[in-house]
Amino acid sequence: MKKLAKYLAVFSAVILIIFSAALVVASNLYNSKIQSVISKINSRQHYAVFTYEPLSSSILNKDGLLTVDVSAPKIGNIRTVFRINVDFSFSSIKATFSKVDHEGNIDEFLASMRIPTLKLEGAIAFYPWQLKGSGAVKTSAFTIPIEGGSCRFGENSFYASGRSKTSLDIGFASAGIKCQAYEMYNHKPAFILDLLDLKVTAKPLLDIENKNVSLDKVNVKLDTFLVDTSTIYMIGFGPNDKVRDPSLRDSFKLSSLNLDLSMSDKDYQGRREIASDGSMTIEFALPHEKDSKILPYYDLSDLNYDVTLGNFNIETLLAAARNPEAVDKIIGAMSKPLNFNLKNLSFKHAGSNVSTSGRASVILDPNSGKPQNVDATIHAKADRAFVDSLVSAQYEQGLFDLMQSGAVTLKHGVYSTTLAIKGKDISLNGVTYNAAEDKNEAEFTEKSLDE
């Protein structure tokens with residue numbers, strides 16, 4: 001046992017010496033290579049010029065100032081200075097940085113846009129034994145004035161981590177924005193806008209040599225998006241104007257948003273299929289307040305969707321979109337036909353379930369962009385309570401006729417139908433639908449009511 005303990009002690013001492021030597025080498029490499037690395041970065045791009053000035057140095061710690069000059073043709077040169085601190089340890093190399101307030105002209109530039117001095121700080125870490133790196137940047141909260149009100153921006157952060165250019169995760173997180181009008185209508189702000197707890201994560205694929213960036217997957221999460229406005233304000237009346245009901249307000253709210261967006265690999269023509277799925281709850285009320293009483297929202301709860309669209313040559317489409325008149329180039333960036341697959345679209349309202357699914361393909365005219373040929377099949381079903389709540393008295397007979405013909409079925413309290421479109425032919429549950437007859441019937445009904 002004594003010999004084993006002795007061997008372990010010697011082995012630990014050797015490892016400690018090796019690690020210590022590695023720290024010294026890394027520290028000296030930092031001192032000798034930092035300027036050449038910055039020069040190389042400056043030569044590889046033309047967006048910013050970096051300058052590093054060392055302040056203090058020890059084996060385990062480095063301190064310095066990094067100046068960043070960005071040339072903006074329409075604005076002029078923008079300069080900001082960061083205080084950099086680098087720590088070396090056995091397991092990692094970490095650098096922290098923070099903006100030095102009132103150094104350079106970045107604060108004056110922000111002030112010209114009515115943005116106060118921002119705290120900007122971050123950290124970068126490299127873990128050599130894991131071959132992994134990570135970084136994060138954070139800005140402080142701030143308030144800016146807008147026309148007729150002000151907006152409060154919460155803390156924002158950007159972060160990235162990965163082991164290679166093909167194994168990279170990036171993300172953006174924001175505490176959100178809260179905007180409010182100064183003017184009061186019936187003791188409430190003319191408008192309120194909230195966008196709270198936004199998070200975006202992505203998996204980009206980097207091709208540095210060809211300067212290409214593609215996205216494998218993007219996820220967006222949002223806790224709340226709220227717009228609440230005075231109806232009187234929106235139609236142009238002042239807070240003291242004489243109106244019949246000064247309490248009128250409209251409101252829209254989106255909550256619990258969680259959606260994914262992804263793109264398939266390129267096909268032989270360089271085109272990709274775009275897929276997206278997600279869930280959310282939508283509520284709206286027009287009006288939400290009337291005669292100083294709060295009215296309930298019309299809810300679309302547990303709204304879920306899953307859809308694919310394609311194929312597109314994304315790069316060609318973006319380039320063509322810069323010239324909206326080049327319709328042929330925009331159409332040329334799409335597959336022929338252009339396919340749409342709705343795997344699911346469903347929601348609940350007042351306890352009733354509604355769902356649709358289907359597919360469609362369309363060939364677009366290369367000169368006008370108008371559909372030349374459409375082939376679609378859409379399945380839809382909804383609980384009877386939901387449909388009956390939408391069908392007013394004048395359309396009850398029309399719904400009854402559709403059921404009599406078999407175009408719409410009612411079974412176990414659920415309405416269902418299948419819409420099929422093939423060119424100019426339209427059918428419901430296989431029953432030919434003649435839009436012209438419906439139009440004539442509607443015109444006859446309207447004429448009868450007028451008489």
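Select Tyr 233 to start. This residue is partly exposed, with a relative accessible area of 29%. Keep in mind that you are looking at a predicted model.

Is Phe 191 buried or exposed? At 15% relative accessibility, Phe 191 counts as buried, because the cut-off for buried is under 20%.

A search of the whole structure finds seven aromatic pairs. Phe 191 and Tyr 233 form one of them: their ring centres are 6.0 Å apart. The planes meet at 40°, so this pair is tilted. Colour strand β13 (residues 191-207), where Phe 191 lies. Then colour helix α3 (residues 231-234), which holds Tyr 233.

Ring pairs link Tyr 185, Phe 191 and Tyr 233 into a cluster.

**A second ring pair**

Next, select Phe 347 and Phe 386. How far apart are the ring centres of Phe 347 and Phe 386? The distance is 5.8 Å. Their planes stand at 75°, so this pair is edge-to-face. Phe 347 sits in strand β19 (residues 334-349), and Phe 386 in helix α6 (residues 384-390). Here the pair links distant parts of the chain, 39 residues apart. Check the accessibility of each. Phe 347 is buried at 18%, and Phe 386 is buried at 10%.

**Into the core**

Select Leu 257 and Met 280. In the largest nonpolar core, which has 23 residues, these two touch the most other members. Which elements give two or more residues to this core? They are β13, β14 (212-230), β15 (249-263), β16 (272-290), β18 (298-312), β19 and α6. With four residues, β18 gives the most.

Finish with Phe 158, in strand β9 (residues 156-164). Phe 158 is partly exposed, with a relative accessible area of 42%. Together with Phe 158, they make a nonpolar surface patch of about 230 Å².

Key. Residues are numbered from 1 along each chain as its sequence is written. This is a predicted model: local features need pLDDT of at least 70, side-chain atom pairs count only at pLDDT 80 or more; totals for chains, interfaces and linings use all residues. Side-chain values use heavy atoms; hydrogens and water are left out. Rings of Phe, Tyr and Trp (its six-membered ring) pair if their centres lie within 6.5 Å; planes under 30 degrees apart count as stacked, over 60 as edge-to-face and the rest as tilted. Buried means under 20% relative accessible area, exposed over 50%, partly exposed in between (1.4 Å probe, protein chains only). Patches are made of residues with over 30% relative accessible area and no salt bridge: like charges are joined within 9 Å, nonpolar side chains (Val, Leu, Ile, Met, Phe, Trp, Tyr) within 5 Å. Accessible areas come from the Shrake-Rupley method with a 1.4 Å probe; for residues, only the protein chains shown count as cover. A salt bridge is a side-chain nitrogen of Lys or Arg within 4 Å of a carboxyl oxygen of Asp or Glu. A nonpolar core is a set of buried Ala, Val, Leu, Ile, Met, Phe, Trp, Tyr and Cys residues joined through side-chain atoms within 4.5 Å.
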